[in-house]
4 protein chains.
Amino acid sequence: MGITLLSAEKIIQAAKEKCGEMNVKMNIAVVDAGANLVAFVRMDGAWLGSADIAVKKAKTARYFDFPTGEIGKLSQPGGSLFGIEHSNGGLISFPGGIPLKDGSGNVVGAIGVSGSTVEDDHAVAEAGVAALN
Amino acid sequence: MGITLLSAEKIIQAAKEKCGEMNVKMNIAVVDAGANLVAFVRMDGAWLGSADIAVKKAKTARYFDFPTGEIGKLSQPGGSLFGIEHSNGGLISFPGGIPLKDGSGNVVGAIGVSGSTVEDDHAVAEAGVAALN
Amino acid sequence: MGITLLSAEKIIQAAKEKCGEMNVKMNIAVVDAGANLVAFVRMDGAWLGSADIAVKKAKTARYFDFPTGEIGKLSQPGGSLFGIEHSNGGLISFPGGIPLKDGSGNVVGAIGVSGSTVEDDHAVAEAGVAALN
Amino acid sequence: MGITLLSAEKIIQAAKEKCGEMNVKMNIAVVDAGANLVAFVRMDGAWLGSADIAVKKAKTARYFDFPTGEIGKLSQPGGSLFGIEHSNGGLISFPGGIPLKDGSGNVVGAIGVSGSTVEDDHAVAEAGVAALN
């Protein structure tokens, strides 16, 4: 199913270290190729409501194999995917979710990060992605 | 209830052939006159998140007897149906869902397609509709 | 993700043929290794309410890698798993769902069948399983 | 809110080591005093459907400050809490969830474990509890 727990833990560790550098507190989720949760952490003091958002960002990124922010560009009023967030039990379409790919470019899961500005969320998610390979 | 399984399978087969011509991978759903699922397929490699969207597009098209994209024109901010997506357990109001009609013009079900651009989704749905008659 | 659409269609075709022999009308669902829906059919005249049950049986069988009826033996009042059906958005724990395994014994998905007695449902599911290998 | 992420990680680590000794594969969740998720892991090969059950066990244990199995004794047919599983978005009332207490006996969170027999689940949860103090 793509991502092992060991990989997910390595990804989360890297994301947490990035949070330390940036002085932010995040919720971090990793899902596998089937969009099922593998690992999750909420850092002390991170927003409670961001736990569900982190999980939904990870799922959304795997559901469509795109960074969540790319979906959000198309789901605005007047956009071609307006309202897509109503599917799949609720999607999150702003930045912070990124697909995880293996060395051959196959999507093997996704990371979702929530707890600060969406720019910060995305930067932390990128640090997690970088730890996979 | 209108659409037989045999008809639904014919519709899905035509939609899949269209996907082959267009080189796209889709989730395809057919519902009957009662908006209940008759048949569904997810093509290998199609987006996981598009399964729910395909089903919701088919249901939405039958719930209101309009192509889903027509509903989306009215559900934008300021529009007369703004927020309609919150009903019925979640609607999808962008293109890809089309009602199915019998020879007399009666709605007997609907097809929903998701997996590419909304233009592609709609084109594949039209190929399915064409196979009914 | 285990099951291809071609395999799922072969499984469903075999299940439908078994239904013909048994003179029953079923809802038949196939999920992949991630418990995500790959294909579904509702035979003409089959119970509407069995569509959701067929999908839930397939998911339940993959969630725990057991035939659904085995879970039901443990989820009765006084049993060790009493009330497990409240998890995962609703499980179905009576017979009709069976894991699908590849030649090496790895679970690659599951089939769920609903529309008659649970004995009939299970028999049709077994016919689907037999078609995989 | 009681449990820090560091404590939760220590608890999960101890639970994972217990799994190694017992040769079982578990889903393990830790919630804080507010019954909100702090950390979660799914071990490689653990049942997919046990992820939701582990989280629900942890929440159930904190919601009522009892081991989940104690609640199950009262929720059987004819029991005083029959049907309590329908509340709170779904409870799990068989063993595997245990409240976490600080040195003064105050409940500061809970652990939920799912992936084997309920006796095994409970044993692994106890190993997690033991790691807190």
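Mentor: First, a term: copies are superposed by least squares on the C-alpha atoms of residues with pLDDT of at least 70 in both. This is a predicted model, in which local features need pLDDT of at least 70, side-chain atom pairs count only at pLDDT 80 or more, and totals for chains, interfaces and linings use all residues. Residues are numbered from 1 along each chain as its sequence is written, chains are lettered from A in the order in which they are written, and side-chain values use heavy atoms, without hydrogens and water.

Trainee: OK, what rotation superposes chain D on chain C?
Mentor: One of 92°, with 0.1 Å of shift along its axis and an RMSD of 0.1 Å. The two copies are thus related as by a four-fold rotation axis.

Trainee: And which residue of chain D comes closest to the rotation axis?
Mentor: Pro77(D), whose C-alpha is at 4.7 Å.

Trainee: Switching to strands: what is the order in the open sheet?
Mentor: Its eight strands run 3(A)-4(A)-1(A)-2(A)-2(D)-1(D)-4(D)-3(D), with antiparallel pairing. Strands here are DSSP runs (E, at least two residues), numbered from the N terminus, and two of them pair if DSSP finds at least two bridges between them.

Trainee: Which strands stand at the edges?
Mentor: Strand 3 (97-101) of chain A and strand 3 (97-101) of chain D; each has a single partner strand, so one side of each is left without a neighbour in the sheet.

Trainee: How many bridges join strand 3 of chain A to strand 4 of chain A?
Mentor: Five, and the two strands run antiparallel. Ile98(A) stands opposite Ile111(A) in strand 4 of chain A.

Conventions: Helices (H or I, at least four residues) and strands (E, at least two) are DSSP runs, numbered from the N terminus.
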